[in-house]
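Thanks, everyone. I will keep this short and go through a few local features, beginning with a ligand site.

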Amino acid sequence: MTHETGCRNLVLILGDQLTRSLSSLRAADKAMDRVLFVEAHEETTYVRHHKKKIAFVLSAMRHFAEELRRIGWSVDYVKLEDDGNTGSFRGEVERACRRLSPQKIVVTEPGEWRVLEDMKTWQAASGLPVDILDDTRFLCSRAEFRAWASGRKQLRMEHFYRDMRQKTGLLMDDGKPAGGRWNYDADNRKPARADLFMPEPPRFSPDPVTAEVLTLVERRFTDHIGTLRPFWFAVTRADAEKAFDAFLDHALADFGTYQDAMLKGEKFLYHAVVSAYLNAGLLDPLDLCRKAVAAYQKGAAPLNAVEGFIRQIIGWREYVRGIYWLNMPDYAASNGLGASRPLPDFYWTGDTDMLCMAEAIGQTIGDAYAHHIQRLMVTGNFALLAGIDPQEVHEWYLAVYADAYEWVELPNTLGMSQFADGGLLASKPYISSGNYINKMSDYCGSCPYEVKARNGADACPFNALYWDFLARHKQSMKNNPRLGQVYAVWNKMDGEKREALRESAAIFLKRLDEKQKV
Ligand SMILES: Cc1cc2nc3c(=O)[nH]c(=O)nc-3n(C[C@H](O)[C@H](O)[C@H](O)COP(=O)(O)OP(=O)(O)OC[C@H]3O[C@@H](n4cnc5c(N)ncnc54)[C@H](O)[C@@H]3O)c2cc1C
Ligand code: SF4
């Protein structure tokens, strides 16, 4: 829907900028400026995003555009299938400039280096000034992170997080961390039991706007991964807030304790399931943290849960964004371990006998969601141990999760999960044998592989792959202090045992390369 009269400034709002207090909107004037939303074909297909993810973003954009209209903004909205839609931001900004003759283009910086680079060319192409404003929805600006990083030998999240605690005052008592410790992670590693009460995130029925989007996605993105229906995500701020309130009431108290747990058929456990809402701009990170701290202050949730929760948001979330912008564009190409095996097809289908992988991938296909430990210690761990090309792993994570935008996905995948950045982000590779998965989940009992067996056709593949990975990378990793103990075990191991493990890994990897079912 477009208006043909002119405007002073053209304000482009991207699909992950659905926030009323966005810097570009704050710099604009309802009476004189025009807001532009673009559903760009290029953005929906540069990786083949999950159907639920596309539906979520398009529906949330359409709802937010309506919200802005309701409060008096003039909005131009270009739908994916509108006549003349050029399919790119640049093409649509040019078309809007021809239509509206603005004096200036205003935009909040995007979450992706590729899009920022493109925006920087718009001024020359359009002959109009382009104001690219800071994204003030983050606590730490890109410049502030750069200053924090400058001169440091190591960029450890824990140090950054403490600064963010000081800056926000969250869980701080007279300049000291509440309870006397900065980090309660040591209390947060309990496996869950299937008979515990498991809250489910609230489900929202599609309204007519979402229903129209679902039909569009069904028709147009048939070859993309994922099950579209039932579609249950919140697509407005009001509903996303309801989802977060349900987390506060029913799950936050156990968030910390069971943060690393995994259970068959339990997709969400005590996780917040808000990352898609946060990253699209429907929820405000600081607001969520304040509400979690208020729950602690009134005794509704323990310190280990609330500290763990805010650490993910003011710590990890801000930190990975800083790492992304500090190191792009080179970061995207990093492959420190020289991994080159193609991503196995079962990442797209879930068709594998390894039950932990089938569970994590199956729920990803179903709901465009898996929680952190599934991403890190199941699908990520397997890819790292099997030497999968990190670029292919990155594209997979970017495509399959509803919360995936490059600024957050890329450092989590290449840095934290695949150790491809040479240890810039993580001090050691996140790897484990089947033993860890067995300890934290109830998967192994129902898996055709034997988790206790170290080698042989029936043995859990993670076991031989784990030792084979350590042996393959011994030269570069043996001096890592955090791997000292495992290398000591490997060095002491009987030669025949070592040989058997490496042979088992080689047989498994050959089957993987020959596309046999594993
Ligand atoms: C390989 C890999 C890829 C990932 N890709 C993404 C991604 O594309 N988008 C994304 O938002 N998160 C990503 N994460 C981080 C994390 O897995 C998700 O944020 C989390 O699972 C989202 O579910 P939740 O809302 O239930 O989170 P909870 O476990 O309830 O945590 C609360 C919030 O903390 C934040 N958070 C937690 N861990 C991280 C982290 N490591 N980095 C950034 N924010 C974090 C999220 O906003 C999350 O909503 C990835 C992790 C790994 C290991
Ligand atoms: S036995 Fe191994 S492959 Fe099977 S569920 Fe356990 S860790 Fe996964």
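By class, the shell around ligand 2 holds nine nonpolar residues, one polar residue and no charged ones. For the classes, Ala, Val, Leu, Ile, Met, Phe, Trp, Tyr, Cys and Pro count as nonpolar, Asp, Glu, Lys and Arg as charged, and the others, Gly among them, as polar. The residues surrounding ligand 2 are Met354, Cys356, Gly434, Ile437, Tyr443, Cys444, Cys447, Tyr449, Val451 and Cys460, where near means a heavy atom within 4 Å.

A word on the source. This is a predicted model, in which local features need pLDDT of at least 70 and side-chain atom pairs count only at pLDDT 80 or more, while totals for chains, interfaces and linings use all residues. Residues are numbered from 1 along each chain as its sequence is written, chains are lettered from A and ligands numbered from 1 in the order in which they are written, and side-chain values use heavy atoms, with hydrogens and water left out.

Now Asn463, which lies in helix H21; helices here are DSSP runs of H or I, at least four residues, numbered from the N terminus. Is Asn463 buried or exposed? Its relative accessibility is 7%, so Asn463 counts as buried; the cut-off for buried is under 20% relative accessible area, with a 1.4 Å probe and protein chains only. Setting aside neighbours within four places in sequence, Asn463 contacts Ser433, Gly434, Asn435, Glu450, Val451, Ala453 and Arg454, contact being heavy atoms within 4.5 Å. Gly434 and Val451 also belong to the surroundings of ligand 2.

Next, the partners of H21. H17 and helix H21 (residues 461-472) pack at about 50 degrees, with axes 9 Å apart. Axes are lines fitted to C-alpha atoms, for helices over the stretch in contact, and angles run from 0 to 180 degrees between N-to-C directions. That angle makes H17 oblique to H21; under 35 degrees is roughly parallel, over 145 roughly antiparallel, 65 to 115 roughly perpendicular, and the rest oblique. On the H17 side, Met377, Val378, Asn381, Phe382, Leu384 and Leu385 meet Phe462, Leu465, Tyr466, Phe469 and Arg472 of H21. Those contact residues divide into nine nonpolar, one polar and one charged.

The axes of H21 and helix H23 (residues 484-492) come within 11 Å and cross at roughly 95 degrees, so H21 and H23 are roughly perpendicular. From H21, Tyr466, Trp467, Leu470 and Ala471 make the contact with Val486, Tyr487, Val489 and Trp490 of H23. By class, that gives eight nonpolar residues, no polar and no charged.

How values were computed. Helix = DSSP H or I, 4+ residues; strand = E, 2+ residues; numbered from the N terminus. Buried < 20%, exposed > 50% of the residue type's maximum accessible area, 1.4 Å probe, protein only.
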